[in-house]
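Notebook open, structure loaded. I wanted to look up a helix, a core and a pocket, and jot down what turned up.

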Amino acid sequence: PRKKTNSIGGIMQSTLTVPINYLFWLFRARERVYQFAAFAFITTQKKGETHYLLQWNEKWQCFNFIGGKLENRKGDNNDLACTMKREIQEEIGIGYLDGVIAIEQKGQVYMSQFSRREHRFKDYSFQIFNVHFFPNLPVDQRKVTHSLLWLTSHNKNIYVSEQEVRNLRTKDGMPISKTVYRILKAIGEIN
């Protein structure tokens, strides 16, 4: 935008010239089309501090929550709980989920961010699910969640601390997605 300044009767008047495509964008902002996705919120406690399970995302070249977008062609039927179960099967490598996991909605996060793949800003609706493994078995949940580091179909899993998320780097210097920080902040996990 360019600023023009005029003097009318000794009073400085400022007007802002706005490109027409920006006005069109403002008008279209009312009709947002969201990309829907589900993410797994899986935590463990280490030395009294909460750590979050992330997985290496090869496309993004960083660690992110386990999850993905709603895909009806894969049987999600417009149900993000189905998306979450499918993503756990694909990303953690657990094939049969009945009785193995319990999921519950933790929160919904709306955000607009730049898609590097599409080279444009997109609006997202992320459904965050608490995921509990073997909820009906009398087992030590810390051991169960720790074992998730080794269960994966093809990508590396890692638990990260709040400080690592804030730094957007693991303690080994590997990148963490800004989406992780934004989601944890939006659901009240990080101030």
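Below are my entries, all on a predicted model.

**Helix α5.** I started with α5, residues 178–186. Which of its residues are buried? I got Thr179, Val180, Ile183 and Leu184. They sit on the same side of α5, because they cover an arc of only 125° around the axis. Next I checked what these buried residues pack against: β3 (34–41), β5 (49–57), β6 (62–64), β8 (101–115), β9 (120–133) and α4 (162–167).

**Ends of α5.** At the start, I found a side-chain oxygen of Ser177 within 3.0 Å of the backbone nitrogen of Thr179. Just past the other end, Gly188 has a positive phi of about 85°.

**Cores.** The largest nonpolar core has 22 residues, and I asked which of them touch the most other members. Those are Leu54, Phe126, Ile128 and Leu184. At least two core residues come from each of β3, β5, β8, β9, β10 (157–161) and α5. I also noted a second, separate core of 16 residues, with Ile42, Leu70, Met84 and Ile88 among them.

**Phe126.** I listed its contacts, leaving out residues up to four places away in sequence. Among them are Ala37, Phe39, Val109 and Met111, plus Thr179 and Ile183.

**Pocket.** The largest pocket holds about 1200 Å³ of space. I counted 39 lining residues, and Asn57, Lys59, Trp60, Asn64 and Arg117 lie nearest the centre. Which element gives the largest share of the lining? That is α2, with four residues. Elements supplying at least two lining residues each include β7 (67–69), α2 (80–92) and α5.

Note on methods:
Residues numbered from 1 in each chain as written. Predicted model: local features only at pLDDT ≥ 70, side-chain atom pairs only at ≥ 80, totals over all residues. Heavy atoms only, no water. Buried < 20%, exposed > 50% of the residue type's maximum accessible area, 1.4 Å probe, protein only. Arc of directions from axis to C-beta. Contact = heavy atoms within 4.5 Å. Polar contact = N/O pair within 3.5 Å; in protein donor to acceptor, adjacent residues only side chain to side chain. Core = buried A, V, L, I, M, F, W, Y, C linked by side-chain atoms within 4.5 Å. 1 Å grid on protein atoms, 1.4 Å probe; cavity = no way out; pocket = protein on both sides within 12 Å on 5 of 7 lines; lining within 4 Å. Points joined across faces, edges and corners; volume = space filled by probe spheres on them.
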